[in-house]
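Dear colleague,

Please find the structure below.

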Amino acid sequence: MSTSLSEHTPTAVAATNDEPVQLLSPKGARIESPEYDSWVEDLTKDDLLAIYESMVVVRRFDNEATALQRQGQLGLWPPSLGQEAAQIGSARALRKDDFVFSSYREHGVAYERGVRLEDMTRVWRGTANSGWDPFTVGMATPAVIIGAQSLHATGWAMGAKKDGVDSVAVAYFGDGATSQGDVSEAMVFAASFKVPVIFFCQNNQWAISEPVGVQAAHPIADRAPGFGIPSIRVDGNDVLAVMAAMRVALERARGGGGATFIEAVTYRMGPHTTSDDPSRYEDLAEREEWAAKDPIKRFEAYLEGQGLLTDKVRASVKAAEDDAAKRFRAACIALPNPEPLTVFDNVYAEPNSGLERQKREFNAYLDYVEGGDK
């Protein structure tokens, strides 16, 4: 980027009443921002269309996964519906040598990091303990323990600093995770050692059925400066604003400025997971209000205004999403069931007597069950 960090980087999010950074209105109109415009001015026509295609494809295979769970092909699925801009905008700003530590909802981030579609379904279908090789894509497999990945990211960033490289770690988590001690502890270490880590909070307004207002009386981004970490509050449904904020944070980290906290204000348009029924606790009027801020429709309107969404482009994107949905479904159904005893593989680096005993007992149980079936 040609823009200098000192000229355009905010030191911290200001008071509670400040609006999130926004470069696109809900209707797709471009909003000028002297502080953030320069961070996305290099995006070409091809870049913008690639961002749009990724958002559409991710929503499509995410919906396909929900359908697969309803049809009994997946045991569970945590939808990312409505959070495509927050995930695609932030992930596309990363380099290959950066490393991502996510929660269980960052399917868009995984897609951008190069995770194969079939690898996204393994854990949720129950055929593997892990989905993919983290080192080939620069992204750890999802953490289900809420907030734990923030500590992992901080530890990785400490290692990167000691190695003298300018790679950056990113921890993705939701608003509910900020009430966990792990996130606070991670920020203490990140600030104390001034390590290159970005804490990316997708504030989707719900921690399962708990509204964010119950656990955060002020914007979540206001918490980070108390730890000595500058923060940015951004419209999480505005893909350009998210990318700009992420680029600001990345340059700060690469330049030795340490951690940044980003709060992407968005909305979870689906259930917490497919086992949840949000109609029991969600205000329908609020959902409709957020539906009008849909991140894909917003970006689509912007692209239309720029004359970029030709019939040829629309056909190409439609073909891409159809293909992704088809491949995702086929890959899921084709996953083979693992041999039962493989559940003991890779539990420890080296075998031990306790694990071997459990394996023998389970094997004896399987022999008993199979004998009874005969």
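Rings of Phe, Tyr and Trp (its six-membered ring) form a pair if their centres lie within 6.5 Å; planes under 30 degrees apart count as stacked, over 60 as edge-to-face and the rest as tilted. This is a predicted model, in which local features need pLDDT of at least 70 and side-chain atom pairs count only at pLDDT 80 or more, while totals for chains, interfaces and linings use all residues. Residues are numbered from 1 along each chain as its sequence is written, and side-chain values use heavy atoms, with hydrogens and water left out.

The structure holds 15 aromatic pairs. The pair of F362 and Y365 is stacked, because the ring centres are 6.3 Å apart and the planes stand at 15 degrees. One aromatic cluster is formed by F61, W77, Y111, W124 and F328.

A ring also takes part in another arrangement: the charged end of K293 sits over the ring of W290, 4.3 Å from its centre (NZ of Lys or CZ of Arg within 6 Å of the ring centre and within 35 degrees of the ring normal).

The largest nonpolar core has 70 residues, and F200, L240, M246, F299 and L303 have the most contacts inside it. Such a core is a set of buried (under 20% relative accessible area, 1.4 Å probe, protein chains only) Ala, Val, Leu, Ile, Met, Phe, Trp, Tyr and Cys residues joined through side-chain atoms within 4.5 Å. Apart from this core lies another, of 24 residues, among them F101, A190, I220 and F261.

Yours sincerely

Conventions. Buried means under 20% relative accessible area, exposed over 50%, partly exposed in between (1.4 Å probe, protein chains only).
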